[in-house]
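Below is what I looked up, in the order I went through it.

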Amino acid sequence: MPYCTDYSPGRLGAAPEVLQLGPWRLHYQAYARHADDRRSPVLLLGGAFQSFRSFAAEVDELLAEHPVILLDLPSQGANLQLAPELSLEQLADLIAAFADALNLPALMPIGLSYGSALAALFAARHPERCARVLLAGITAFGRPGARLLLQEGLALLAEGQNEAFAHGALTGLLNPLRLSQTGVSPVFRKALLRQIQRLSPQDVERYRQNSQRLLAFPGFSRHPDCPSLILAGEYDHFTQPWEHARFAAACADAQCALIHNADHLAQFEQRQACSRLYSPFLRGDDLPLLSPGSQLLAPAQLLQLEKRHEPRRAPPQRQARLRHAEGGEWRVELCELGYFGGLLAADLPAELPQRGWQLQITGLPPLPLLPLRQIPGQLAFVLPHSEPQSSLALAAWLEPAAACA
């Protein structure tokens with residue numbers, strides 16, 4: 001395929017090339033140092049709320065050694081075409097059809113967050129089309145807590161509660177208790193929050209369709225066989241490090257690196273630490289066990305990482321009340337409480353509604369709560385953080401020194 005050879009960051013905002021595959025429009029931009037470059041190109045697949053412009057630094061760096069293609073499938077990035085009937089697997093197959101139509105050599109996808117699921121499925125379903133794959137923010141979306149938060153976000157959007165949705169989504173992307181470690185500035189955090197708050201009705205519909213795809217995904221029946229590198233932010237709550245490690249363990253030839261002082265947006269928060277791994281991996285070189293800002297996990301560690309992502313302690317005040325919007329109220333004892341969830345003891349009805357709950361602790365604003373798992377006498381729960389004032393107050397209550405601004 002012919003590549004553009006005059007890359008500059010400003011070009012990423014220009015109108016993309018459009019490839020029509022049956023009813024589907026695929027948007028892309030392709031760059032290389034030479035117009036007829038025959039080497040395997042890097043394919044960049046972004047996550048929610050990302051566009052081609054999100055990858056300006058990566059394109060500039062990767063072009064030194066590889067052709068680079070940026071691709072927006074239907075409902076992704078700046079591609080506004082809706083595709084409610086397409087599953088994740090079918091979208092991954094569209095990547096293969098894209099490669100076939102443009103007669104591309106084997107691709108090297110870099111998939112981030114939602115894009116990581118597409119890149120991983122492409123690699124697993126079309127091994128002849130994939131030379132190697134790099135994934136960050138990967139999960140099979142089978143963890144009950146993550147699914148609950150995704151479902152709650154969709155319910156808030158359906159009710160028109162965009163503000164509440166935005167605050168919950170931001171907490172999934174940026175771990176509020178770790179802002180000092182990840183180096184996320186208040187300016188960046190506020191800009192991302194405004195971006196999510198201002199989603200257009202069409203953006204909301206695209207987000208809804210993409211989230212429904214993730215929720216409908218039954219899991220990976222097979223994993224990539226090609227060389228694979230999985231990057232996990234050590235403070236990523238939404239797609240947790242142990243999930244990355246489990247995914248790497250299931251692949252035929254995968255390594256998993258823990259990116260220090262990073263959460264779900266590791267490649268943006270710790271760009272240099274990630275790029276130090278990008279280049280040798282894409283070249284096929286051996287990766288260092290230790291690199292500035294990251295640590296390569298040993299194979300024996302992949303199935304041994306701690307699943308609990310935050311310390312859960314008995315809170316300073318254990319007596320609380322659990323209230324439901326329809327009028328029920330119960331005395332409860334807090335057995336464990338963290339910023340993202342906890343465990344309480346109470347004599348509750350056997351069948352609990354999924355939504356409409358508030359946890360009331362003296363001295364704190366009411367905390368929205370989602371029941372996660374119930375056994376007789378106990379309830380495990382997650383906190384969706386859809387109300388910013390209660391989230392701020394909880395952070396200060398649990399960890400007075402935490403940076404949660």
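**Entry 1: the strands**

I started at Leu334, whose bridge partner in E13 is Leu344. The model is a predicted one, where local features need pLDDT of at least 70 and side-chain atom pairs count only at pLDDT 80 or more, while totals for chains, interfaces and linings use all residues. Residues are numbered from 1 along each chain as its sequence is written, and side-chain values use heavy atoms, with hydrogens and water left out.

My labels are DSSP runs numbered from the N terminus: helices (H or I) have at least four residues and strands (E) at least two. Two strands pair if DSSP finds at least two bridges between them.

E12 pairs with strand E13 (residues 341–345) in the antiparallel sense, over four bridges. A hairpin of three residues takes the chain from E12 to E13.

Next I stepped back to strand E11 (residues 319–324), which runs antiparallel to strand E12 (residues 329–337) and is joined to it by five bridges. Arg323 has Glu329 in E12 as its bridge partner. The hairpin of E11 and E12 has four residues between the strands, and Gly327 there takes a positive phi near 120 degrees.

Then I checked strand E14 (residues 357–360) against strand E15 (residues 367–375): they pair in the antiparallel sense over three bridges. Trp357 stands opposite Leu369 in E15.

I noted how angles are taken: axes are lines fitted to C-alpha atoms, for helices over the stretch in contact, and angles run from 0 to 180 degrees between N-to-C directions. Contact means heavy atoms within 4.5 Å.

I then looked at helix H4 (residues 144–158) beside helix H8 (residues 201–216): their axes come within 10 Å and cross at roughly 150 degrees. H4 and H8 are therefore roughly antiparallel to each other; the cut-offs are under 35 degrees for roughly parallel, over 145 for roughly antiparallel, 65 to 115 for roughly perpendicular, and oblique for the rest.

Which residues meet? From H4 come Arg147, Leu150, Gln151, Leu154 and Leu157, and from H8 come Val204, Tyr207, Arg208, Ser211, Gln212, Leu214 and Leu215. The residues of this contact of H4 with H8 divide into seven nonpolar, three polar and two charged. For those classes, Ala, Val, Leu, Ile, Met, Phe, Trp, Tyr, Cys and Pro count as nonpolar, Asp, Glu, Lys and Arg as charged, and the others, Gly among them, as polar.

**Entry 2: an aromatic pair**

I found nine aromatic pairs in the structure. The ring centres of Phe49 and Tyr207 are 5.7 Å apart and the planes at 10 degrees, so the pair is stacked. Rings of Phe, Tyr and Trp (its six-membered ring) pair if their centres lie within 6.5 Å, and planes under 30 degrees apart count as stacked, over 60 as edge-to-face and the rest as tilted. Phe49 sits in the loop between strand E3 (42–45) and helix H1 (56–62) and Tyr207 in helix H8, so the pair ties together parts 158 residues apart in sequence.

**Entry 3: H2 and H3**

Last, I checked helix H2 (residues 88–101) and helix H3 (residues 114–125), which pack at an angle of about 65 degrees with their axes 8 Å apart. That makes H2 roughly perpendicular to H3.
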